[in-house]
Amino acid sequence: MKFDIKQYSEELDKLGIEHEFIEHPEMVEVEDVLKYLGKTKLESFSTLIMKADGEYVAVIRRDDTKVNQGKLRKQLGTENVKMLDLVEFEKLTGLPSGAAHILSSVDRTLIDRKVFASQYSMGGCGSLSVSGKYKSDDLKKIPNSMVVDIAELVEDSIGTIHVGKRILSGITPSGNQLHIGNYFGAVAPQIALQDTHDTHYFVADLHALTTIHDRDKLETNITGVVLDYLALGLDSAKCVFFRQSDVPEHSQLAIVLANYISYGQMKRMHAYKDKLQTGTSEESINMGLFNYPILMAADILLYKPYGVPVGEDQRQHIELTRDIAENFNKTYKTNTFPLPEPLISKELGRIIGTDGERKMSKSLGNIIGIFDDEKMIEKQIMSCFTDPKRLKATDPGRVEGNPIFIYHDLINDNLEEVKELKERYRAGTVGDVEVKRKLIEAHKIKFGEARERRSVLEADMGIVKKILEDGAKKAREFASQTLAEVYKVIGETNQLN
Ligand code: ATP
Ligand code: MG
């Protein structure tokens, strides 16, 4: 049976689904088609056809995501879900496999919401030599369809980000130095992205006010974090590096966004809830802390980034940012804010602290610093928790999950040495002290250059100031455009302007 593309186009018109067809050589693999058309997986989707308890269901998901089977089954209300095989597919649709179109004869269609991130998306249209370009929002007009949240990025890690996309992240100067948890969980991935992506990083100095009310201390912290980032390899020629308070649009957008999130949802944010749980009374929690995730949403959405590289502890805030963006878009029926992806490394997103229990965190004091003086770093490493069951150096010890070996794996580039230390530890032929001494040496080698660079920079603050000034100028160009757009959408720009 020959598929009639003209008839298909008429059906789409009838439903009001804006579309266009693009011809290309016959190709089966999505990757090949996209390469040929110069598109990314972020701008394309596939239609998967399944059978669920005798019912035919089409699932539309973006090509850089996969369907979470658990969520799909829950959505369909049955465990009995199966992809159609080739024969079943051809019998049901009359199409060659791999050429499903969006009006296939199914009982219902589930569309994962990530598909709506791009205004237009490429998708099947019943032929292996023609691709459809659809207005994403119009997919909602497919008969018997509904929008669902069932697909996840193929790999929730830094490696899968699309080259060239905009990336944004910030760091709060709530302490005066970074620790290795910050470094491996956030700073190193951020720095790695500056070669391939359109990166924007900022020092969130307004966020620091939630905890720091001492002018001198704030100044020391801000300068410290700026120097740390530059010393660790942030290159102002490759990315936009600026200070939050230099770009007033962050505060302005925060005031607007607060209106698209409920008080109830804000009360569930960890930063606030954790404080309550540690016995702090509501009377002594400032509103800056309570509102912190709204300012963070503004920080992010101003730059409409594709992704935000951070540690695991920030996931909830990115989810909230997405909710705010979605509420806003829905309220005004616009696509003002693309929903940002949390870019969190599975292995490095939550590095354990020297107490061997909680995540490494400056406020918990269980850290290994990067730029502290050598004596301090020695002290931090020497007091690190190891294998609690091991009493003497001759007892066989446990390497897995042992913080001192987790840190060796991160810091010590002498792989032979690490391997040998692990073997001897397991065999009970090396003591904790020697393993720790070796870690101190490895720390010196790993961060020695950065420490030197930091002293050089510190001696020439003129350069640092200039970097931040230039960064703020570039950031404002983008930020002011987004704010103007938002004002227009909400009606603050009107006949009185
Ligand atoms: P605080 O205790 O004040 O919250 P912190 O040590 O958690 O400080 P932040 O300034 O909150 O550090 O975090 C800076 C960045 O480092 C964030 O992206 C955060 O997700 C990441 N990060 C913080 N701690 C870790 C950790 N232990 N492992 C991996 N990433 C981390
Ligand atoms: Mg934190």
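## Exercises: a ligand shell and a domain contact

**Exercise 1.** Sort the shell around ligand 1 by class.

*Solution.* The shell has six nonpolar, 11 polar and four charged residues. Here Ala, Val, Leu, Ile, Met, Phe, Trp, Tyr, Cys and Pro count as nonpolar, Asp, Glu, Lys and Arg as charged, and the others, Gly among them, as polar. The model is predicted: local features need pLDDT of at least 70, and side-chain atom pairs count only at pLDDT 80 or more. Residues are numbered from 1 along each chain as its sequence is written.

**Exercise 2.** Which residues are the closest to ligand 1, and which helix gives the most to its shell?

*Solution.* Start with the shell: 21 residues surround ligand 1 (a heavy atom within 4 Å). The closest are His-179, Asp-313, Lys-359, Ser-361 and Ser-363. Now take the helices (DSSP runs of H or I, at least four residues). Helix H5, residues 180-193, gives the most, with four residues.

**Exercise 3.** How many residues of domain 1 and domain 2 are in contact?

*Solution.* Domain 1 is 5-153, and domain 2 is 166-348 + 461-490. Then count contacts (heavy atoms within 4.5 Å). Seven residues of domain 1 touch five of domain 2.

How values were computed
Chains are lettered from A and ligands numbered from 1 in the order in which they are written. Side-chain values use heavy atoms; hydrogens and water are left out. Helices (H or I, at least four residues) and strands (E, at least two) are DSSP runs, numbered from the N terminus. Domain bounds come from an automatic or database domain assignment.
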